[in-house]
Amino acid sequence: MRTVIAGGHGQIALRLERLLAARGDEVAGIIRKAEQADDLRAAGAEPVVLDLETASVDEVAERLRGADAAVFAAGAGPGSGAARKDTVDKAAAVLFADAAVTAGVRRFVIVSSMGADPRHEGDEIFDVYLRAKGEADAYVSGLDALDWTILRPGQLTDDAGTGLVRLEAHTGRGPVPRDDVAAVLAELVDTPATAGLTLELISGPAPVSVAVKSVAGN
């Protein structure tokens, strides 16, 4: 299958690209900077240079045509201000979802954040971030033309993945290695029976494939 990933140079996205390419899938990553292209090629992905903060829906849809799945893994990142939480974490996610609808790509997975909530209160940057992610999730979940799954990982770490996770509607807070987030995303992309679910993810007792199968169809 062919998967297109927004935020293709992100830490989780690069891991996901390697996993998908290793299993023989075709994968493309949307990046903002041409100098990031070699990192994607090294991961086995096709680099697509496109700025999701300035692109139109039609421009993004053109890059999505023919894909079997779309994954939104972009983020403004640490150190970015409140304005980019809105233009990347919210607006780019909305744009990518609209483009998927336009391109006829039904399978859509979005990497959100534990605590994301459009009604989250507070004025700190992280509060703005949680609101932006929550608003993006709410928008995506309202699109009947998408078979969407929302993944909300806990505290991300760079520890080596264990392949053991807890994946449920509500897990409570906890850490999870980026390796394991990518492994779960690879399974979710291939498991459309998880459509319509918002799932929290932390480290836990279940092998990734078992954890995904256990929520599929719920």
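Strand E2 (residues 26-31) pairs with E3 in the parallel sense, over four bridges. Strands, like helices, are DSSP runs numbered from the N terminus, with at least two residues (E) for a strand and at least four (H or I) for a helix. Two strands count as paired if DSSP finds at least two bridges between them. Glycine 29 has proline 47 in E3 as its bridge partner. The model is predicted: local features need pLDDT of at least 70, side-chain atom pairs count only at pLDDT 80 or more, and totals for chains, interfaces and linings use all residues. Residues are numbered from 1 along each chain as its sequence is written, and side-chain values use heavy atoms, with hydrogens and water left out.

E2 and E3 belong to an open sheet of nine strands, ordered E3-E2-E1-E4-E5-E6-E10-E8-E11. The pairing is mixed. Strand E3 (46-49) and strand E11 (206-207) are the edge strands, and each pairs on one side only.

Helix H3 (residues 57-64) lies across E1, E3 and E4. H3 runs at about 145 degrees to E1; axes are lines fitted to C-alpha atoms, for helices over the stretch in contact, and angles run from 0 to 180 degrees between N-to-C directions. The buried residues of H3 are Val60, Ala61 and Leu64. They cover an arc of only 105 degrees around the axis, so they are on the same side of H3. The arc is that of the directions from the helix axis to the C-beta atoms. Buried means under 20% relative accessible area, exposed over 50%, and partly exposed in between (1.4 Å probe, protein chains only). The buried residues of H3 pack against strand E1 (2-6), strand E4 (69-72) and helix H4 (82-103). Glycine 66 follows H3, and its phi is positive, near 90 degrees.

Alanine 69 is in strand E4. Its relative accessible area is 1%, so alanine 69 is buried. Leaving aside neighbours within four places in sequence, alanine 69 is in contact (heavy atoms within 4.5 Å) with Met1, Arg2, Thr3, Val4, Val105, Arg107 and Val189. The C-alpha atoms of alanine 69 and phenylalanine 108 are separated by 5.8 Å, although the two residues are 39 residues apart along the chain.

Helix H6 (residues 178-189) and helix H7 (residues 208-215) have axes that come within 9 Å and cross at roughly 45 degrees. H6 is therefore oblique to H7. Angles under 35 degrees count as roughly parallel, over 145 as roughly antiparallel, 65 to 115 as roughly perpendicular and the rest as oblique. Ala183, Val184, Glu187 and Leu188 of H6 make the contact with Val208, Ser209 and Val212 of H7.
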